[in-house]
Structures are given as C-alpha cells and as structure tokens.
Amino acid sequence: MQIRMQRVKKGRVIMAGQNQKKTEEWRHEEQHLCECRALIAANIKEYEQQFEKRHRETKNLFDEVQSGNVELYDQMVTSRSLEEHSLNQLNKNKAAYDRPFFGRIDYRNLEEKLYESIYIGKHGVLKDKINVEIVDWRAPIASVYYENEIGEGCYEIPDIGVRDEGRSMQYRIDLKLKRTYDIEDGALHGFYDSDVAANDELLVKYLSKNRDAVLGDIIATIQKEQNEIIRESPFHNIIVQGVAGSGKTTVAMHRISYIMYNYKERFTSNEFCIVGGSDILIDYITGGLPELDVYDVKHLRMDQILVHLLHREWKKKYRITEPSANQAWKSKMLFAEKLEEYMQMLRSYILGNCVIYDEEIGMLLSQKNNDNFINGNPACSINRLLIMLDERLRSRIRLQCAGRDETGIYKRKLSQYKNYFGSHCYQGNVVNLYVDFLQAFAQAYDMDISHVLKTIRQGIFDVYDIAAMLIIYYRALQKKPDEEFGQIFIDEAQDFGPIVYYALHTVLPDCFFTIMGDVSQNVNYECGMNDWSDMTQKIFRDGKDSFKILAKSYRNTIEISNFAGKILHSASKGTYKIEPVIRHGEPVQFVDSISVEEAVGMSAEIIGRMKAKGYETMAVICFTEEDREIVSKRLSRQITLTDAAKGGFSKGVLVLNVSETKGLEFDCVLLWKPDLTGYHDNLKTAKLLYVAATRALHELFIVN
C-alpha cells in the first residue's frame with residue numbers, strides 16, 4: 001500500500017544531512033517548525049477547553065430534554081454539532097503536532113501578481129478563524145506540490161455546484177520553489193528542493209518501513225500519475241489498471257478522502273461505499289481510513305452489495321455459494337446481453353398494446369402517446385410503468401369528463417378503469433423470472449443446465465446468479481430508483497466477471513464508480529476478467545469515463561520485483577510490465593526440505609528471525625486449501641498464529657490461501673510449495689504465483 005517518491009534530477013538536491021544545520025536556511029526552517037508546533041500546542045489547549053465546555057452544555061441540554069423540556073431540542077442538536085466540531089479540530093491538531101507539514105511551495109499568482117509561500121500538511125491547521133497556517137494536502141492549491149514543475153503552470157479549483165468538470169476555475173502561477181521535509185517526532189532531519197516531490201533518500205527511507213508505517217509518510221510521497229487519479233472529477237467513472245504494488249488501494253483511499261473534503265456539499269459520507277471480494281480485504285482498507293479523516297463510509301463484499309440492492313426479493317432462506325468454473329458463462333457479457341434482450345421482449349409483450357378508447361368519452365390513451373411515454377422512460381421497470389400508466393389514465397379520464405352533463409360519469413369511469421394496468425403487474429418473485437430466462441437461454445444454446453436449475457430451486461445462488469437477478473429486478477419489478485449510493489469504490493475488481501459491473505452500473509445509473517484492479521492478478525481465471533475490453537467498450541463507455549494505468553511498483557524490493565516480473569510476463573502475456581522503484585533488499589531465498597515436518601520447522605525458524613528484525617506482519621501463503629490446513633495445524637504448535645477469520649487483517653503471522661491475500665501486503669512472505677515450473681505454460685497458475693509473490697514488502701522465501 002506504499003506510494004513511491006519519484007527520483008530527483010541530478011543537481012536539484014540543494015541540502016542534505018549535517019550540512020543543512022550550518023545554513024541560515026536551515027535555521028529559518030527550524031524556527032518556522034517551532035512556531036508551527038507552538039501554534040498547534042496553543043490550538044490543542046484552546047480546543048480542549050472548548051470541547052469540555054460544549055460537552056457540558058450538550059449534556060445539560062440533553063438532561064433538560066429528557067426531563068420534558070422539548071423546546072430545547074433544537075438548541076441541544078446545535079450544541080452537539082459545535083461539540084463535534086471542537087473535537088474534530090482537537091484531533092486534527094493533535095495529529096499534526098509531531099509532523100505539522102511535509103511540503104512547501106513558493107509561487108507567484110500571475111493574475112493577481114501576488115507572491116505566496118504555502119506549507120502543506122496531512123491536516124490543515126488554522127492560525128485564527130480566517131487565516132490558514134498549514135494547508136491540507138487535499139486543498140486544490142496542494143496539487144501544485146504533487147504535479148507542477150518549477151516554472152509557469154496552473155492549478156484548478158473544482159466547481160462543486162455542477163456535474164461538469166469543465167466548469168472548474170483555473171489559476172495560472174509561476175512556481176519558484178518546491179520543497180519536501182523530513183520531519184519525525186517534531187524534529188527537522190532534512191529538506192530537499194526539487195522539480196518533483198522528493199528524492200531517493202526519502203523514498204528508500206519510507207519504503208523501507210514496516211507495512212504499518214503511518215499514512216502521513218504516504219501522503220508526502222504521492223506522485224503525479226497517482227495524484228491525477230485521486231483528484232479526478234468525481235462526476236465520471238474511472239477504471240485503473242495497476243500492477244501489484246502500484247498503490248491502487250492507497251490511491252482509492254486517498255480519492256475518497258479528497259472527494260469528501262472538496263465535495264462535502266455534494267456528497268455525504270453515507271453515500272460512499274467500499275466494495276471488495278473478502279472481509280479481510282475490506283478490513284485492511286477501512287483500517288486506514290481514519291488516518292485520512294474518513295469516517296462513516298459503508299463497506300460491503302461484492303455479494304453483499306448485490307443482495308442489498310435486491311431488497312425484499314432476497315429471502316433470508318437463500319444461501320450464497322462460490323462460483324463454479326464450469327458455469328463461467330454466467331459471468332460474461334454475452335449472458336447479460338441475452339438477458340437484456342429477454343427482458344426487452346417481456347417489456348414489449350406486456351406494454352406493447354396499451355391503447356384505450358372509451359365509447360362514451362373517447363380516446364383515453366393512444367398508441368403514439370403510449371409509445372412516446374414508454375420509450376421516454378427506459379429506466380422504469382415494467383411494474384412501475386404499469387402503475388404510471390394507471391396515473392395517466394386517471395388524468396385522461398378527468399380531462400375527458402370535464403364539463404360533461406352526465407351525472408356521476410367521472411366517478412363511474414374511474415371505477416370502470418380502476419387498476420386497469422396495475423392488475424397486470426408481475427406478482428411472482430425474481431427467481432421465477434430468472435428460471436424462465438435460464439431455460440430459454442439453455443434452449444437457444446443447446447445447453448444442459450439441469451444442475452444449475454436444481455441449485456437455484458434449492459435457494460442456492462452464486463454472485464453471478466445474483467447479478468442476473470438484480471438486472472431482472474431492475475427491469476421488471478423495481479418500484480422506485482435506488483439513490484442510496486453516490487460513490488462506489490471497488491478494489492481487486494478483476495476477480496469478478498463483467499456482468500457484475502454491468503448490473504451495478506445499470507441499477508445505479510446516477511452513481512459514480514472508481515474501479516481498481518490488475519487483470520494479471522485474476523485468481524478466478526475462468527470467471528473473472530483477464531482483460532478490460534468489456535468494461536471499457538460495453539459498460540463504462542461514456543465519453544467522460546476514463547481508463548488509467550499505474551505501471552510503477554513501489555511495494556517490493558528490486559530482488560522481489562525481478563522474481564515477480566518473470567512470472568508477470570506469463571501472467572499478462574507480456575501486456576503489462578513492472579517498473580520497480582530502486583530499493584534493494586535481501587535476495588529471494590529458496591528453502592529446501594525433505595519432509596513437511598522439517599519444512600514447518602524451518603518456516604517457524606525463519607519467522608522467528610524476521611520478528612527479531614522488527615517485522616510485524618508476516619504470511620505463509622499456500623496454494624491449496626489442504627496445504628493451508630496442514631500448515632496452520634502444524635505451525636501453530638511451534639508459534640502463535642493470527643486468526644484472520646476472527647480478527648481480520650492485523651499484525652502477526654497469518655496462514656492464508658492465495659485468494660485471501662488479494663490486495664494485502666506483508667513485511668515478509670513465505671510461499672508454501674509453489675509450482676515454479678508449470679506457470680510458464682499455465683496462465684491460471686502464473687496469475688496465482690504472481691499474486692502470492694508480490695505480497696512481500698521486504699523479504700520473500702520459497703519453501704519447497
């Protein structure tokens with residue numbers, strides 16, 4: 001989850017190490033750091049007092065309301081809001097105290113001819129109610145630090161009132177200085193001036209830390225290609241193909257933080273949802289969000305969000321099973337396209353002839369008007385259109401009966417045509433419609449799907465069944481649009497077939513998606529995605545939707561990257577290559593043994609040595625479930641293991657299969673009995689091995 005720092009051009013580092021301490025510039029920066037910390041300390045004291053005062057006021061008002069003084073309720077709510085604001089500012093200042101800032105930019109505003117010097121930090125710090133002492137990294141001006149080179153350039157302030165990023169305000173500047181600081185525990189260790197964010201000395205320092213390194217380090221080292229994705233307009237969809245260790249997960253986390261900071265008037269936190277393939281991956285992602293000032297964001301597994309969107313159509317008695325490789329056809333776009341054709345036929349059959357002519361009062365609904373109405377509401381389900389046609393019919397009856405002399409004709413006609421269309425609404429469940437479609441699909445393609453139908457009738461579904469049923473629900477049964485989600489972030493997207501994304505994008509047309517993945521890491525080879533063509537050509541094909549590539553890997557050492565790079569050539573058929581950051585470490589080590597017992601003993605010994613080095617996260621990765629059970633049982637007799645099923649992702653030693661490690665990283669990894677010969681000719685084996693090998697940050701062992 002590391003974000004790298006780009007290499008500095010030779011000659012751009014003007015100060016380093018002990019030499020800095022002798023300069024006037026050093027003394028100036030050290031004095032400024034002391035002044036900032038003094039301000040933050042004063043802020044902390046003020047906000048502590050403010051919070052305590054407002055907390056007492058809120059408690060007193062709450063007690064009054066509980067006692068029956070209900071007219072004080074609004075005052076209590078306001079007091080509670082002020083209390084939360086004080087606590088938020090207190091926490092921000094406390095978090096900023098040890099490392100107030102990491103960057104500085106000096107520039108001249110070319111429009112206003114003003115010279116500005118701005119310090120940038122993980123948290124914004126206020127000097128008073130009006131003036132900002134340290135700018136938050138998410139602020140628009142901070143993009144200059146991440147993207148601009150010395151000289152003339154520009155930055156944009158997004159217009160949050162529109163859905164068109166073209167309306168952003170652009171400001172021209174002349175950048176004079178870009179400086180990166182190395183600050184730890186309130187002490188200045190160095191600073192570096194460059195045309196880019198920082199230099200190799202800081203790069204190696206940050207990337208050499210344990211996996212548990214603070215996100216403040218990562219924020220300081222965001223690179224241009226990553227920053228562009230983070231700050232991309234939230235009003236269109238983004239697909240990111242990134243090699244292992246390219247920072248996909250971290251970029252997604254920072255993008256959530258950026259959008260929530262800059263578009264708080266447009267999106268609330270409960271409109272955001274993080275989607276992953278496993279609980280351990282979601283736990284891994286969400287564990288870092290508070291560091292980025294992100295709270296109250298929903299998070300669901302892929303199967304959970306699909307079930308959630310089915311609402312009452314999903315019954316408690318239903319069960320979810322893993323997809324089967326021999327039923328991979330359900331995951332493909334062809335299946336989704338044929339389902340849409342089937343639903344369109346059903347729509348035409350039910351709504352094709354809705355002409356109503358009454359002998360007494362004339363034409364109520366003509367074919368032309370009905371066609372225009374139905375074709376003008378493609379997002380409405382069949383049942384919803386039938387209800388709306390009833391509403392149109394009542395309006396026409398009212399119009400046609402207006403001014404007529406016959407007594408009671410209006411009420412009589414309303415009674416005659418009551419629920420005329422609504423009585424045709426489908427009253428069955430989505431499963432029955434799905435079974436009907438499956439039978440038609442099987443007949444068209446001469447397939448034997450008896451086993452599929454049997455499991456479905458037993459109430460057992462895989463994620464692709466649920467996606468198909470969600471499309472049916474949306475086209476046939478949905479009563480009103482689902483507006484719960486505004487921003488959905490999907491990690492390890494390649495592990496699911498395109499029908500899942502087609503279903504989500506179809507059912508949530510006003511929601512925007514940030515989709516992160518690496519088709520070279522598709523461990524569900526038959527059902528998942530091995531390329532992005534369906535996603536970019538058939539699903540997310542709006543002119544504003546974008547496809548980005550992150551090719552640089554910042555996670556592994558050169559030694560691990562070179563080992564993984566040979567596997568990647570087979571896993572991606574040469575399409576994607578790793579561009580590793582230059583960070584050397586220990587060579588990949590091969591451990592041979594004559595028995596399982598000896599291999600377990602040697603693994604325990606290696607783990608002990610790694611703990612002595614200070615490594616906090618370690619994993620033994622197995623390629624079969626049988627091996628995982630054997631290793632877990634025998635290794636637990638010698639060392640303490642962490643149970644990911646109970647505690648999610650945490651420090652310690654985990655024994656996992658390959659699919660469980662997706663999106664995760666560890667200080668040290670042991671691969672248990674990998675196939676180092678068969679992957680050359682087997683794409684599926686190559687992908688599994690590539691995923692497993694690239695989980696290691698610092699040291700990788702191959703246990704044979």
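Mentor: In this discussion a helix axis is a line fitted to the C-alpha atoms over the stretch in contact, and angles run from 0 to 180 degrees between N-to-C directions. The model is a predicted one.

Trainee: At what angle do helix H11 and helix H12 pack?

Mentor: Helix H11 covers residues 367-375 and helix H12 covers residues 382-401. Their axes lie 11 Å apart. The packing angle is about 135°.

Trainee: Which class of packing does that angle give for H11 and H12?

Mentor: The angle is about 135°. Angles over 145 degrees would count as roughly antiparallel, and 65 to 115 as roughly perpendicular, so the rest, apart from those under 35, are oblique. The relation of H11 to H12 is therefore oblique.

Trainee: Which residues of H12 make the contact with H11?

Mentor: H11 passes H12 in a right-handed crossing. From H11 the contact involves Asn369, Asn370, Phe373 and Ile374. From H12 it involves Leu385, Met388, Leu389 and Arg392.

Trainee: Over the ring of which residue does the charged end of arginine 392 sit?

Mentor: Arg392 of H12 and Phe373 of H11 both belong to the contact between these helices. The charged end of arginine 392 lies 4.5 Å from the centre of a ring. That ring belongs to phenylalanine 373.

Trainee: How far is arginine 37 from the ring centre of tyrosine 97?

Mentor: Arginine 37 is placed over the face of the tyrosine 97 ring. Its distance from the ring centre is 4.0 Å.

Trainee: Are H16 and H17 roughly parallel or roughly antiparallel?

Mentor: The axes of helix H16 (residues 463-477) and H17 come within 9 Å and cross at roughly 25°. Angles under 35 degrees count as roughly parallel. H16 and H17 are therefore roughly parallel.

Trainee: Is the crossing of H16 and H17 left-handed or right-handed?

Mentor: The residues in contact include Val463, Tyr464 and Ala467 of H16 and Ile499, Val500 and Tyr502 of H17. The crossing in which H16 passes H17 is left-handed.

Trainee: Which residues of H21 make the contact with H20?

Mentor: The axes of helix H20 (residues 596-612) and helix H21 (residues 625-635) come within 10 Å and cross at roughly 65°. H20 passes H21 in a right-handed crossing. H20 contributes Val596, Glu597, Val600, Ala604 and Ile607. H21 contributes Ile630, Arg634 and Leu635.

Trainee: What kind of aromatic pair do phenylalanine 437 and phenylalanine 441 form?

Mentor: The structure holds 29 aromatic pairs. In the pair of phenylalanine 437 and phenylalanine 441, the rings are 5.8 Å centre to centre, with 45° between the planes. Planes under 30 degrees apart would count as stacked and over 60 as edge-to-face, so the rest are tilted. The pair of phenylalanine 437 and phenylalanine 441 is accordingly described as tilted.

Trainee: In which helix do phenylalanine 437 and phenylalanine 441 both lie?

Mentor: Phenylalanine 437 is buried at 2% relative accessibility, and phenylalanine 441 is buried at 6%. They are four residues apart, about one turn of the helix. That helix, spanning residues 430-444, is H14.

Trainee: How far apart are the C-alpha atoms of methionine 447 and phenylalanine 235?

Mentor: Phe235 belongs to a cluster linked by ring pairs, together with Tyr258, Tyr263, Phe267, Phe272, Phe489 and Phe512. Methionine 447 and phenylalanine 235 are 212 residues apart along the chain. The separation of their C-alpha atoms is 42 Å.

Trainee: What is the phi of glutamate 492?

Mentor: Glutamate 492 is placed in the loop between strand S15 and helix H17. At 4% relative accessibility, glutamate 492 is buried. Most residues other than glycine have a negative phi. The phi of glutamate 492 is positive, near 55°.

Trainee: Which residues does glutamate 83 touch, not counting residues up to four places away in sequence?

Mentor: Glutamate 83 is part of helix H2 (residues 73-96). At 3% relative accessibility, glutamate 83 counts as buried. Glutamate 83 touches Phe51, Arg54, His55 and Thr58.

Notes
Residues are numbered from 1 along each chain as its sequence is written. This is a predicted model: local features need pLDDT of at least 70, side-chain atom pairs count only at pLDDT 80 or more; totals for chains, interfaces and linings use all residues. Side-chain values use heavy atoms; hydrogens and water are left out. Rings of Phe, Tyr and Trp (its six-membered ring) pair if their centres lie within 6.5 Å; planes under 30 degrees apart count as stacked, over 60 as edge-to-face and the rest as tilted. Helices (H or I, at least four residues) and strands (E, at least two) are DSSP runs, numbered from the N terminus. Buried means under 20% relative accessible area, exposed over 50%, partly exposed in between (1.4 Å probe, protein chains only). A charge sits over a ring if NZ of Lys or CZ of Arg is within 6 Å of the ring centre and within 35 degrees of the ring normal. A crossing is left-handed if the near helix is turned anticlockwise from the far one by less than a right angle, and right-handed if clockwise. Contact means heavy atoms within 4.5 Å.
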